[in-house]
Amino acid sequence: MTEKEKSKIMFVMRKAPHGSIYAYEGLEAILIMGAFEQEISVVFIDDGVFALKKEQDTKALGVKEFSKTFAVLEDYDITNIYIDRESLEQRGLSADDLVIPVKVMEAGEIAKIMEEQHVLLPF
């Protein structure tokens, strides 16, 4: 499949990783779509930035901690991973607090990338 034939699909991760299934289901969908050789990108906005936070302790919640699973995105050739700078700062986080390397971007830059996508999938 040539680059021209690939669909550009962006996953928009907006929800906190615990308290709903959105972040976990989003990760599952990303991994499934990654197997189909499409041009996949992921952006973390709002409380979605918490999905990448290092050292999450979920024992008291009784749920599995899955943030480290985002490290396999690279194995699926998913390297376009963005995070909103303002969302990070508002939540007291920096790129150093995250489990994987990401491109920290301004909202306007993210909006331009979103405009280039064929499909946006919100989680």
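Select R14 and D46: these two form a salt bridge, with their closest N and O atoms 3.0 Å apart. A salt bridge here is a side-chain nitrogen of Lys or Arg within 4 Å of a carboxyl oxygen of Asp or Glu. This is a predicted model, in which local features need pLDDT of at least 70, side-chain atom pairs count only at pLDDT 80 or more, and totals for chains, interfaces and linings use all residues. Residues are numbered from 1 along each chain as its sequence is written, and side-chain values use heavy atoms, with hydrogens and water left out.

Now colour by secondary structure. Helices (H or I, at least four residues) and strands (E, at least two) are DSSP runs, numbered from the N terminus. R14 sits in the loop between strand 1 and helix 1 (22–34), and D46 in the loop between strand 2 and strand 3, so the bridge ties together parts that are 32 residues apart in sequence.

Check the surface at both ends. Buried means under 20% relative accessible area, exposed over 50%, and partly exposed in between (1.4 Å probe, protein chains only). R14, at 40% relative accessibility, is partly exposed. D46 is partly exposed too, at 28%.

Stay on D46 and look at its backbone. Its phi is positive, about 55°, although D46 is not a glycine. Most residues other than glycine have a negative phi.

**The other salt bridges**

How many salt bridges does the structure hold? It holds three.

Select R91 and D47. Their side chains meet in a salt bridge at 2.7 Å, N to O. This pair links distant parts of the chain: R91 is in the loop between helix 2 (85–90) and strand 4 (103–105), D47 is in the loop between strand 2 and strand 3, and they are 44 residues apart. R91 has a relative accessible area of 23%, so it counts as partly exposed. D47 is partly exposed at 31%.

Select E106 and R85 next. Their salt bridge has its closest N and O atoms 2.5 Å apart. E106 is partly exposed at 39% relative accessibility. R85 is partly exposed at 33%.

**Aromatic pairs**

A search of the whole structure finds two aromatic pairs. Rings of Phe, Tyr and Trp (its six-membered ring) pair if their centres lie within 6.5 Å; planes under 30 degrees apart count as stacked, over 60 as edge-to-face and the rest as tilted.

Select F11 and F123. The ring centres are 6.0 Å apart and the planes are at 25°, so this pair is stacked. F11 belongs to strand 1 (residues 8–13) and F123 to the segment after strand 5 (119–122), 112 residues apart. Is F11 buried or exposed? F11 is buried, at 0% relative accessibility.

Move to F44 and F70. This pair is edge-to-face, at 5.5 Å centre to centre and 75° between the planes. F44 lies in strand 2 and F70 in the loop between strand 2 and strand 3, so the pair ties together parts that are 26 residues apart in sequence.

**Strand 5**

Select P122, which is in strand 5. P122 is exposed, at 61% relative accessibility. P122 and M13 are 109 residues apart in sequence and 6.2 Å apart in space, C-alpha to C-alpha.

**A negative patch**

Select E37, E74, D75 and D77, which form a negative surface patch. Patches are made of residues with over 30% relative accessible area and no salt bridge: like charges are joined within 9 Å, nonpolar side chains (Val, Leu, Ile, Met, Phe, Trp, Tyr) within 5 Å. Asp and Glu count as negative.

Pick out D75 in the loop between strand 2 (39–44) and strand 3 (80–84). D75 is exposed at 65% relative accessibility.

Finish on D77. D77 lies in the loop between strand 2 and strand 3. At 66% relative accessibility, D77 is exposed. Its phi is near 60°, a positive value in a residue other than glycine.

Conventions. Areas by Shrake-Rupley, 256 points an atom, 1.4 Å probe, with all protein chains shown as cover. Charge placed at Lys NZ, Arg CZ, Asp CG, Glu CD.
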